[in-house]
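My notes are set down below in the order of the search.

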Amino acid sequence: MDRPIRVLVAKPGLDGHDRGAKVIARALRDAGMEVIYTGLRQTPEQIVAAAVQEDVDVVAMSILSGAHNHLFPKVVNLLRVEGVDDVLIIGGGVIPDDDIPGLIEAGVEAIFTPGSSTKDIVNYIKSHIKRK
Amino acid sequence: MNIVERLLEGDKKACARLISKLENNEKEAIDIVKQLYNRTGNAYVIGITGAPGSGKSTLTNKLTKELLKQGKKVGIIAIDPTSPFSQGAILGDRIRMNDLALDKNVFIRSMGTRGSLGGMSRATWDAVKVLDIFGCDYIFVETVGVGQSEIDIVKVADTILMVVIPNTGDDIQAIKAGIMEIADIFAINKSDLEGADKTKLEIEMNLDLNEKNEYRPPVIKVSASKNQGMRELLEKIYEHRRFLEENNELEKRRIRNSRLQLLKLVEDELMEIILDKSVKDDLLDKLSREITKGAIDPYTAKNRIIELIRR
Ligand SMILES: Nc1nc2c(ncn2[C@@H]2O[C@H](COP(=O)(O)OP(=O)(O)O)[C@@H](O)[C@H]2O)c(=O)[nH]1
Ligand SMILES: [Mg+2]
């Protein structure tokens, strides 16, 4: 692919820490991607609007507050409502192992917990992009 | 419905996809622009430039809200530099514009400058035209003011707004270095901080040195984050627009912009043809080596290359 992969890095929910998201953003940039970073406290609606207007390949969400079971599926569903079906959706943050299968079931394609390396995330994105 | 119909119906997804395809230089998208080009020319384009952190995005957000109150449809193109090392970029302008994201009359797009070879001006121009066709009344183009990029937005903007902040002696120096001339309006943002009056004075003094033109760029103190002076600033934009329109200057400016764009397109294609043709027997490398050895002079070598396209 001779165009940069575009990734929306979003922080849904109310927690006020974005250090992790910023580290990811930088790693993705260093891997040659265009990262659209939208800052803290995004509503699912805002995330979807940004994903549509920015025409991203990937929506990467990070949550520390524990609201992932509610917010991740909400974003997935709103994207579907918008008819967006060629975007890779991934999530990260402090997410208990028990919650992961349910999130995958809901349509989040991969979950990266604090143990994951940024390299894993880069490689996952590169090999799972849906659009040429 | 195909992408053209959807675009004309105001479908943001279609608009976004078309911009991507143009950014990636896809022929299908270029054909669409060709087909719809006669629908362009309605949008008024405002270039916003200034140092990183001066408040350009915050200001764009607040001006957009004023325009929305007046029932306008607004497009925003926010450009950030691509890293020359990785070709990646972090595009962070939306952080200051999240509360606009859901408005049906706003479309925001972030762009990296990508390669230097005309990348920015060409893709920006394309995106502006798409938003114009999309039906935007006003289009903001935000670029970081670090040299060439300010000059580049001249090629797309009808009005150029330069954002400066108080108390930065450096800034005024930088403005002096050739960039002062391109500003149609100076907004001294963060005027809630100290030193705005002094900065205003310095800019005014600089403007005094310019030969007397019919139009003198206004210098106004604002505070975007405190939402102060936004109406006045918008009024200054309208005033500049009226000046351009009443003096036939808008058309002149747009013709100048089109000319620059046309030359750029020709230049890009010529370079491509030349590079393509000189791949054969490594002409470029061979001549470069011969020039270095003194076996040929650069002027004769240049003629050898030019012959490739003359034929
Ligand atoms: N004190 C003050 N801060 C401002 C003002 N406008 C913007 N800022 C802040 O300046 C910082 C950079 O703003 P941003 O709009 O991102 O600047 P940009 O890089 O030029 O787009 C942010 O923290 C803003 O909140 C203002 O009028 N006064
Ligand atoms: Mg900005």
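I took a salt bridge to be a side-chain nitrogen of Lys or Arg within 4 Å of a carboxyl oxygen of Asp or Glu. The model is predicted, so I kept local features to pLDDT of at least 70 and side-chain atom pairs to pLDDT 80 or more, while totals for chains, interfaces and linings use all residues. Residues are numbered from 1 along each chain as its sequence is written, chains are lettered from A in the order in which they are written, and side-chain values use heavy atoms, without hydrogens and water.

**Interface.** I found four salt bridges across the interface of chain A and chain B. I noted Arg94(B) and Glu54(A), whose side chains meet in a salt bridge at 2.6 Å, N to O. I then looked up contacts (heavy atoms within 4.5 Å): 29 residues of chain A touch 28 residues of chain B. The buried area (accessible area, 1.4 Å probe, lost by two parts on being put together, summed over both) is about 2300 Å², with 50% on carbon and sulfur atoms. On the chain A side, Glu34(A), Gln53(A) and Asp55(A) lose the most area to chain B, together 27% of what that side buries.

**Helix H10(B).** I read helices as DSSP runs of H or I, at least four residues, numbered from the N terminus. H10(B) covers residues 249-279; at 1.5 Å a residue its 31 residues should span 45 Å, and the end C-alpha atoms are 45 Å apart, which agrees. The expected span is 1.5 Å times one less than the number of residues. After H10(B) I noted Asp281(B), with a positive phi near 35°.

Key
Helices (H or I, at least four residues) and strands (E, at least two) are DSSP runs, numbered from the N terminus.
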